[in-house]
Amino acid sequence: MTEIEPDVTIAAGRLDVDIGVIGAGPVGGTLACRLAAAGVRVAIVDRAALPPMEHPDFDGRAYAVAAGSRALLEAADVWDRLPYPPGPIRDIRVSDGKVGRPASPLHLHFSARAVQSDAFGWMVEARSLRMALNARMHDLPNLSVFAPADASVIRAADGAEIRIAGGPVVSCRLIVAAEGRNSPLREAAKIPVTRLEYGQTGIVFAIAHERPHNGVALEHFLPGGPFALLPMAGNADEPNLSAIVWTERAATAAYLLEMPPERFVREVARRLGGHVGAIRLVGRRWSYPLTAMHAHRYTDTRLALVGDAAHGVHPIAGQGLNLGFLDVADLANQIIAAVNAGEDPGVAELLARYQAGRRPANLAMLAATDTLDRLFSSDSRALRVARDVGMAAVDRLPGLKRLFMRRAMGAA
Ligand SMILES: Cc1cc2nc3c(=O)[nH]c(=O)nc-3n(C[C@H](O)[C@H](O)[C@H](O)COP(=O)(O)OP(=O)(O)OC[C@H]3O[C@@H](n4cnc5c(N)ncnc54)[C@H](O)[C@@H]3O)c2cc1C
């Protein structure tokens, strides 16, 4: 195994593996752990050092991890290593309203109990996932980690190579691009991308609050974009803790981000409407300009795109990372089956099956989140009436509700 200081014997020579993963973010890191745990030989490269991604203090960022994604993290032996307990999301309440006014009396209420489950998903702190992934990656004997490292990739019909600056030449059967939205490997393969600009910014932070959230997530649709409260596990200092993902028009968000913390907290409280009592900001405010994007192909010669390198969706439904995890589960199953059967895991047929399995599903989620955002970010009276009627209808149709819930849980 190699980490920040490359091993001298490997540094001088060659390393043969089955799969080379470029990008050790949550998606690439999980894929590498899942494959290596199943006996596949893997090398993973990140241009950034990994330990600094383990923020020592709670920093306010968290992911909503669906049940299907949890199963993948368990198979990769990462879930049990999460150092901070995940917070279960047991109920979801969706409402449509205006700031400072009570939400529309029509709302949707989803309960995990209705689909015989404990939780729709779990809120996992970003640093917790990073710490668990780092620990696991460095634990697997057939996984070589190169980070921070500059690498160049050469792909050919019969195999691929990763040339690590100051390190070994790694030969493999398949390169997986997990480099996030601006994937250089995707660009080098000349894979076109469709992008949607929302003119919105996502503001992400955590709050401590007076009353317990009882595992209830709130999604409040406001004209500037959705405002979500996601229940997190508390700790000794902060027993009642939640993450907020607040989408606003870019100019409003810039103004909010500049606000002194006390005023910002008052704005948050107006949107929460006293739901969890008095609130306080914990950690800093993070902001992300929101765009959606989708790669026209997920594959090229000896190359597969996964996670944000292949797609980016609006965070309205908290599904971005979950889609990446579903890519990982699909691709990993195919690679593991091929390697166990003594077959080449980088052939075009395997890559075509991966693309056929994942691209339509990701496109459907991209379209659904885009429609939700456009539908709910409008203050037109006609649209408000239409969506309230739609919400009331869904609430009364148990079969349709269960379908929505199963999808949210990553079971689709
Ligand atoms: C506001 C907001 C809220 C969100 N909330 C949620 C949520 O609640 N739930 C959810 O599921 N998702 C959520 N997402 C989406 C989620 O953050 C992303 O889907 C996820 O981070 C993608 O992971 P990734 O590993 O594909 O890419 P990244 O996290 O971008 O990681 C890419 C990695 O590749 C490395 N890298 C980049 N270029 C190179 C290179 N040339 N060579 C080597 N390494 C390279 C980087 O250093 C990095 O480590 C949210 C997103 C936003 C913007």
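Author: There are 17 salt bridges in this structure. The model is predicted, so local features need pLDDT of at least 70 and side-chain atom pairs count only at pLDDT 80 or more, while totals for chains, interfaces and linings use all residues. Residues are numbered from 1 along each chain as its sequence is written, and side-chain values use heavy atoms, with hydrogens and water left out.

Reader: Why is the contact of Arg41 with Asp18 called a salt bridge?

Author: The term requires a side-chain nitrogen of Lys or Arg within 4 Å of a carboxyl oxygen of Asp or Glu. The closest N and O atoms of Arg41 and Asp18 are 3.1 Å apart, so the pair qualifies.

Reader: Which parts of the chain does this pair tie together?

Author: Arg41 sits in the loop between helix 2 (26–37) and strand 3 (42–45), and Asp18 in the loop between strand 1 (14–16) and strand 2 (19–22), so the bridge joins parts 23 residues apart in sequence. Helices (H or I, at least four residues) and strands (E, at least two) are DSSP runs, numbered from the N terminus.

Reader: What makes Arg280 and Glu238 a salt bridge, and where do they lie?

Author: Their side chains meet at 2.9 Å, N to O. Arg280 belongs to strand 18 (residues 279–295) and Glu238 to the loop between strand 16 (225–232) and strand 17 (241–249), so parts 42 residues apart in sequence are tied together. Glu238 has 16% relative accessibility and therefore counts as buried, whereas Arg280, at 44%, is partly exposed.

Reader: Which residues are linked in a network of salt bridges?

Author: Asp77, Arg81, Arg136 and Asp139 are.

Reader: How do you know that the span of helix 8 is close to the expected one?

Author: The expected span is 1.5 Å times one less than the number of residues. Helix 8 (residues 320–340) has 21 residues, with 30 Å expected, and reaches 30 Å from its first C-alpha to its last. Gly342, which follows helix 8, has a positive phi near 75 degrees.

Notes: Buried < 20%, exposed > 50% of the residue type's maximum accessible area, 1.4 Å probe, protein only.
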